[in-house]
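Morning, everyone. I'd like a few minutes on pockets. Please bring up the sequence and the structure.

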Amino acid sequence: MSSTSHLALPLLAAAQAQKHVTHNEALACLDALVQLAVRERNRTVPPAAPEEGDRYLVGAGATGAFAAREGHVALFDLGSWRFFMPNPGWLAYVEAEDLFVVFDGDEWKPFGVAPDAIDNLQRLGLGTTADDLNRLSAKLNAALFTALNTDEGGSGDLRFVLNKSAEARVLSQLYQRGYSGRAETGLIGNDDFGIRVSADGSEWRDALRLDHRTGVAFFPSGLANMPGANVLINSAFLVNQRRFPGGALAAGIYGFDRWKGGPGGCVASLAADGAMTLSGALDQVIDVAHAAAEFGAASFAGATLTLSVEDPSDPLPVVIGSKAATISAGSGRRSASVTLDGTETGNITVRLLPSGPCSFKRVKLEVGAYATPWAGVPLDIEELRCRRYYQRLAVSGGAPAIVGALGQRVASTNIDLPWTLPVPMRADPVVTTSAFTWANGFPAGNQVGFYNNSGSAWISLSGALTVTTLTGAGPSAFVLRLQAGVSFSGVAGAVGVLYMGNQAFIALQAEL
């Protein structure tokens with residue numbers, strides 16, 4: 001053997017003369033190939049002014065002194081080019097590219113571009129620097145993930161698996177502008193899937209929540225043109241059975257249906273365009289039964305409630321249950337939200353409490369932390385809702401009007417009128433009247449009179465008049481009893497109708 005197997009270094013022969021020549025040649029080859037570093041790779045034309053010791057990797061289609069030397073290591077030595085044929089596994093450093101390449105038997109390829117496995121890296125930065133928090137960091141314009149097909153040993157599926165350590169932790173994708181959060185999706189502080197958004201990166205609004213137990217979707221901020229339910233009744237002040245003309249309301253006195261004067265009373269008036277102008281305290285008591293109807297809870301305890309109005313002219317202080325807040329002035333729907341204590345298990349009072357005249361429209365109380373658009377209730381339905389708490393007995397005709405039920409003189413002191421209510425009341429009601437007086441003929445103003453149809457005569461009264469119910473008024477029907485202090489004229493069993501003057505009324509009240 002005259003040379004070595006791998007680097008082709010010349011070997012000294014036995015009894016060889018001029019041994020130093022062979023030895024020096026071997027050293028020159030070692031100097032050229034050991035710790036191999038080249039100026040460039042894929043060089044096809046020799047440089048015009050190479051320096052002694054320069055090395056290159058010859059590329060395909062080379063010409064001149066490099067012709068037919070594809071893949072060889074070219075060394076400029078003692079004023080001429082020498083070439084070394086690489087073996088598979090040779091490693092070279094390319095100075096121009098700051099890159100290691102390896103010869104695979106056919107060509108020089110970058111070394112370590114796609115290793116089979118990289119395990120237990122502490123940090124990885126692509127185009128940027130990773131840190132202790134962001135251990136994987138990338139600065140790029142696009143990223144592609146594609147499934148490994150079955151013919152490549154995969155399943156054809158692609159699934160990203162993200163995992164957190166506990167329910168109260170956060171597992172999310174955060175979307176930012178200028179490194180300030182604008183949207184976030186995921187399991188944010190619980191196991192419900194949520195989407196939330198922010199205008200400034202600090203105050204967040206929940207847009208969507210999917211309950212992980214039931215799959216039910218909630219939209220805490222509402223849906224466009226999809227208003228949430230209004231817990232208030234007569235929120236536009238259009239039902240007015242008591243015929244309140246506007247003006248002062250003393251504490252506890254009702255004006256517009258379901259609304260009464262709060263502590264200290266108030267002054268309230270309604271304009272033709274629906275704007276309410278209020279000064280002082282105006283209350284509505286919310287039936288706890290609405291909690292079950294609205295969101296299936298036994299009460300409002302612990303609930304977050306939002307009260308809103310449209311176009312408040314001034315800041316509007318409000319009270320919801322035991323919590324106080326203020327709705328800011330401005331155009332459009334303005335709101336304030338509170339979260340009730342867990343002890344607030346009964347009816348709750350909503351109080352509007354401006355210290356001076358404040359105008360607004362369309363009051364709304366809803367469950368949740370955000371106000372949704374207001375939607376009106378058809379007036380006939382709104383009136384039926386109001387009549388569960390207060391309703392006047394129906395009359396027809398002019399002045400005087402006729403009460404819509406036949407009455408009978410059942411005894412010398414009693415006239416009874418059986419009545420079926422068009423709307424069942426919330427509870428057994430109390431009878432109230434306009435404190436009318438009896439007329440022994442056609443009534444006027446705040447008077448009533450009873451006409452005996454069978455006797456074709458008006459029944460007269462002796463003594464004081466008392467209005468009661470026979471056995472107590474029920475939520476759906478009752479018997480109204482007119483009782484004389486001494487007697488009524490006529491005979492027992494006489495049937496007739498009750499007439500009422502234009503200021504007289506009989507009403508049933510089951511207010512909270």
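This is a predicted model: local features need pLDDT of at least 70, side-chain atom pairs count only at pLDDT 80 or more; totals for chains, interfaces and linings use all residues.

Why probe it at all? Rolling a probe the size of a water molecule over the atoms shows where empty space is left.

Start with the largest pocket. It holds about 640 Å³ of space. Its lining counts 21 residues. Which of them lie nearest the centre? Phe218, Phe219, Pro220, Val367 and Gly368. Four elements each put in at least two lining residues: strand E14 (204–210), strand E15 (217–218), helix H2 (289–295) and strand E24 (358–367). By class, the lining splits into 12 nonpolar, five polar and four charged residues.

Now the second largest pocket. Here the space is about 510 Å³. The lining has 13 residues, and Asn134, Leu136, Ser137, Ala138 and Tyr179 are the closest to the centre. Strands E10 (136–138) and E11 (170–177) each supply at least two lining residues. Which element gives the most? That is E10, with three residues. On class, this lining has six nonpolar, five polar and two charged residues.

E11 runs antiparallel to strand E12, residues 180–188, and eight bridges join the pair. Arg177 sits opposite Ser180 of E12. How many residues lie between the strands of this hairpin? Two, and Gly178 takes a positive phi near 60° there.

Definitions and conventions: Residues are numbered from 1 along each chain as its sequence is written. Side-chain values use heavy atoms; hydrogens and water are left out. On a 1 Å grid over the protein atoms alone, a cavity is a set of points where a 1.4 Å probe fits but cannot get out, and a pocket is an open set with protein on both sides within 12 Å along at least five of seven lines; lining residues have an atom within 4 Å of a point. Grid points are joined across faces, edges and corners, and a volume is the space filled by probe spheres set on the points. Ala, Val, Leu, Ile, Met, Phe, Trp, Tyr, Cys and Pro count as nonpolar, Asp, Glu, Lys and Arg as charged, and the others, Gly among them, as polar. Two strands pair if DSSP finds at least two bridges between them.
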